[in-house]
Amino acid sequence: MTPRMSYTPLDLPVRPRRLRRAPWLRALVAETTLRAEDLIWPLFVQEGEGLVTPVDGLPGVNRLSIDALVDAAREAAALGIPAIALFPVTPPEKKTDDGREALNADNLVCRAIRAVKQAVPEIGIVADVALDPYTTHGHDGVLGADGDVANDTTVAVLCKQAVTLAQAGCDIVAPSDMMDGRVGEIRTALDDAGHEQIAILSYAAKYASAFYGPFRAAVGSKNNLGKADKRTYQMNPANRIEAVREASLDLAEGADMLMVKPATLYLDIISDVAQASDVPVFAYHVSGEYAMLKAAVAAGMLEEKSATLETLLAIKRAGASAILTYAARDVAQWLKE
Ligand code: PBG
């Protein structure tokens, strides 16, 4: 969006406050809106039944057994939230070096997808493509002899994972792994398996951020990762131009939507990517960003509703057309009031 000049003759008094005078007028001239339809609600799913287990460090966020997940999906749909994003908490005994549980058509996330699709067919399901919930080392792919994540070997596994998720019934696959060339390969694999209507939401500009900590604790990959980090595949927070390069590559490979992650510290990136691409750009308001807000609210430093709404509005103003946020249900409720 290019800022425009307005040419008010300078000999007349200029009074921008004229348009801020009353709520109806402010609403009428608002450039950006935030709606429940702009939100995707990330949910953690665990084994068991009747379980709603609070996640340490993420107030208001729970690990849900599949039955409780179905209830949450129903609630989201009733609030007008168009889609949920699922993240499995894999039992430790199912984790391996190669993360092969990701390819099990009966794994937790596949069962969760089937259950939600059956009970709440009107809600969209986004499924993450990456191996970190399944690997003993907590990385998003398989390791090569040098100890680093092996790009092409990993991409081959991710293709199978994407097809497994599509077969289970998800609507959107979201590669969050940052391997080179994976979007094109996943597109081909999906098409070859007859899933040409399954969309790819590519985490195009995903940074090696300190703000994923609470998420990794929630899915149980934090201890697996230990002191290791993901800087050989996730982007350097110092880089801006590179984000547009990553976005164009993913577009050329067939991504239907792009994601920027995290969101609030990366509004410049959201803006750049949105201006450079002709597909919807989403932003992930990640666990650490959510936790930060919650902590400030708990300490009495910020007012929850206004601070959260302003945060999400700013992400949309930067150019995001939808936002993944753990606050989705609360926000949708507030917007209804
Ligand atoms: C895994 C993945 C991560 C997040 C989403 N998918 C963590 C990571 O890359 O280590 C983070 C989300 C959040 O912090 O809310 N590939």
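**Reading the aromatic pairs**

Me: How many aromatic pairs does the structure hold?

Reply: Nine aromatic pairs are found here, and keep in mind that this is a predicted model.

Me: How should I read one of them, say F44 and F87?

Reply: Start with the distance between ring centres, then look at the angle between the planes. For F44 and F87 the centres are 6.2 Å apart and the planes make an angle of 45°, a tilted pair.

Me: Are F44 and F87 buried or exposed?

Reply: Both F44 and F87 are buried.

Me: What do Y203 and Y284 form?

Reply: Another tilted aromatic pair, at 6.3 Å centre to centre with 40° between the planes. Y203 is in strand β7 (residues 199-206) and Y284 in strand β9, so this pair ties together parts 81 residues apart in sequence.

Me: Why does Y284 count as buried?

Reply: Buried means under 20% relative accessible area. Y284 counts as buried because its relative accessibility is 1%. Y203 is also at 1%, so Y203 counts as buried too.

Me: Which residues form one aromatic cluster?

Reply: F44, F87, Y203, F215, Y284, Y290 and Y326 form it.

Me: Which residue has its charged end over the ring of Y284?

Reply: That is K261, whose charged end sits 4.7 Å from the ring centre. Over the face of Y203 you will find K206, 5.2 Å from the ring centre.

Technical notes: Residues numbered from 1 in each chain as written. Predicted model: local features only at pLDDT ≥ 70, side-chain atom pairs only at ≥ 80, totals over all residues. Heavy atoms only, no water. Phe/Tyr/Trp six-rings, centres within 6.5 Å; stacked < 30°, edge-to-face > 60°. Buried < 20%, exposed > 50% of the residue type's maximum accessible area, 1.4 Å probe, protein only. Helix = DSSP H or I, 4+ residues; strand = E, 2+ residues; numbered from the N terminus. Lys NZ or Arg CZ within 6 Å of the ring centre and 35° of its normal.
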